[in-house]
Amino acid sequence: MSYAVLACNGVDKAEGALAREVGLLVAEATGGDVICPVLLNRAPDRYQKALGEDALIVVDGCGTRCASKLAAGVGAKPKQKVLLSTLVKASGEHLQASLRLAPGGMALAESIVADIVAALGAPGRQATPAAWEAPTEFFVVLFDKFEFRIPKQGYLFCENDTWARQMGNRARVGISDYLQQQLTDILYFNPPVLGARVEQFGELGEVESSKAIFEIIAPVSGTVVAVNETVVGESPELVNADPYGEGWLAEIEMSAWAEESELLLDGPAYRGTVGPKAADY
Amino acid sequence: MESEAGKNPVLVIPCSGIGKVQGLLSREATYLATDEVATGVTDTLCLALLVTGDEDAVAKVQTHECITIDGCAKACARKNTEIAGGRVAKAVQVADALKNHRGVQPGTAEILTLDGWSVAREIAEAVAADAERLQAGEEVAP
């Protein structure tokens, strides 16, 4: 079965931001098409196939139910309708006054999406942002026979050799090339619990190598919204092979990026710490 | 329209684009304007609420100066605000902002890159400047 998702995409309440996230995640999980609600009203012919052949899922943020009204306006018959304000209330979550999705909101969105997908009987999968591009330019610190690579931009480091890469209100987190070489072959990653709250410079799971068990230090605070299941499962060696790309460890929905990023080191600053660390090791 | 807005906040109305990064840029630029760079000077409104004929939303666009931010050339935000009887003092096109950043990868429908955030902030700052002029009773170039 093919699916189409119509979310209200509201902007004047946090539930609207939640509707947007839920709509996109449902579309990703089901491989469905996303319908732009206002364009549907202006140019319904554009969505003729989606309305005629796909199972329509309608996601409303608040009780004005704009998405449902727009669907009714073009004669669509939704397979499933979701009203998020009631689900938020039932969950006990409090979305903040800000129009953006509050910390914890993404975890709630993923929980709601899992329920929607289960009700549809569609195969679900963990939703993860698609725009994490691998770094292409590196500083290289030479020490003895070792070469330690550090991305020139886009990554911030803590002194404990973990990195954070920000995208919106999320950060992807991993360990530096220097640390993975010090640890040697990574055998196991014990991840943090999904949905857990972590503090900046607090524990974010641990990695076990042929040499040591090492506690991962969180470079930012927030809620754990994803872990790299490939690294946890069949391929922990990705941390060695590609520490800034496929070997990432977790994703955190952040709560204080502006303040906390001030406490981290950019690529050039971190580069200055790696040589002395290697010399002391 | 004679300016009845007085010291009313200027309405920043993004399109409801959801499937492409341009829609997200429109939305985030609006949030940056209303929450950070022009707090108190600007407010926002759900376009879907306006399109479904909500009386309060229609009245609001008819009594406030409006700046629309559209992600694509279909200009849903501008056109629907005008259909509802609102005066669009400034119609912003995300595509125009992106023309000044050729080659930049702004992100996806789900999430902006750092470059995408720079573009969103640039749009928000321009919107804020126009909103302040409108609130002062000045005209802005459409």
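## Chain A overall

Chain A contains 11 helices and 15 strands; helices (H or I, at least four residues) and strands (E, at least two) are DSSP runs, numbered from the N terminus. This is a predicted model, in which local features need pLDDT of at least 70 and side-chain atom pairs count only at pLDDT 80 or more, while totals for chains, interfaces and linings use all residues. Residues are numbered from 1 along each chain as its sequence is written, and chains are lettered from A and ligands numbered from 1 in the order in which they are written.

Of the 281 residues in chain A, 49% are buried. A residue is buried if 20 or more other C-beta atoms lie within 10 Å of its own, exposed if 12 or fewer, and partly exposed in between, with C-beta atoms placed from the backbone. Among the contacts in chain A with a separation of 6 or more, 66% are between residues 24 or more positions apart. Two residues are in contact if their C-beta atoms, placed from the backbone, lie within 7 Å.

## A hairpin in chain A

Strand β5 (residues 138–143) and strand β6 (residues 146–151) of chain A run antiparallel and are joined by six bridges. Two strands pair if DSSP finds at least two bridges between them. Phe139(A) has Ile150(A) in β6(A) as its bridge partner. Two residues lie between the strands of this hairpin, and Asp144(A) takes a positive phi near 55°.

## The enclosed strand β15 of chain A

Strand β15 (residues 250–254) of chain A has five of its five residues buried, so it is largely enclosed by the rest of the structure. In a regular strand the side chains alternate between the two faces of the sheet. In β15(A), Ala250(A), Ile252(A) and Met254(A) point one way, while Glu251(A) and Glu253(A) point the other way, and all are buried.

## A loop residue in chain A

Asn160(A) is in the loop between β7 (156–157) and β8 (162–167) of chain A. This residue counts as partly exposed because it has 15 C-beta neighbours inside 10 Å. Asn160(A) and Ile216(A) are 56 residues apart along the chain, and their C-alpha atoms are separated by 8.2 Å.

## Chain B and its sheet

Chain B has six helices and four strands, which follow the pattern β-α-β-α-α-β-α-β-α-α along the sequence. Buried residues make up 52% of its 142 residues. Of the contacts in chain B with a separation of 6 or more, 65% join residues 24 or more positions apart.

The four strands of chain B form an open sheet with parallel pairing, in the order β2-β1-β3-β4. At the edges stand β2 (42–44) and β4 (88–93) of chain B, each with a single partner strand, so one side of each has no neighbour in the sheet. From one strand to the next the twist averages 25°. Strand β1 (residues 10–14) of chain B is joined to β2(B) by three bridges, and Val12(B) has Thr44(B) as its bridge partner.

## Helices of chain B

Helix α1 (residues 21–37) of chain B lies across β1, β2 and β3 (66–70) of chain B and runs at about 160° to β1(B). Axes are lines fitted to C-alpha atoms, for helices over the stretch in contact, and angles run from 0 to 180 degrees between N-to-C directions.

Helix α6 (residues 114–135) of chain B has 22 residues and reaches 31 Å from its first C-alpha to its last, close to the 32 Å expected at 1.5 Å a residue. The expected span is 1.5 Å times one less than the number of residues. Buried residues in α6(B) include Val119(B), Ile123(B), Val127(B) and Leu134(B). Their cover includes β1, α1, β2, β3, β4 and α5 (94–99) of chain B. After α6(B) comes Gly137(B), with a positive phi near 85°.

## Where the chains meet

Between the two chains, 30 residues of chain B are in contact with 32 residues of chain A. On the side of chain B that touches chain A, α1, α2 (47–51) and α4 (76–83) of chain B each supply at least two residues. This side has 15 nonpolar, 10 polar and five charged residues. Ala, Val, Leu, Ile, Met, Phe, Trp, Tyr, Cys and Pro count as nonpolar, Asp, Glu, Lys and Arg as charged, and the others, Gly among them, as polar.
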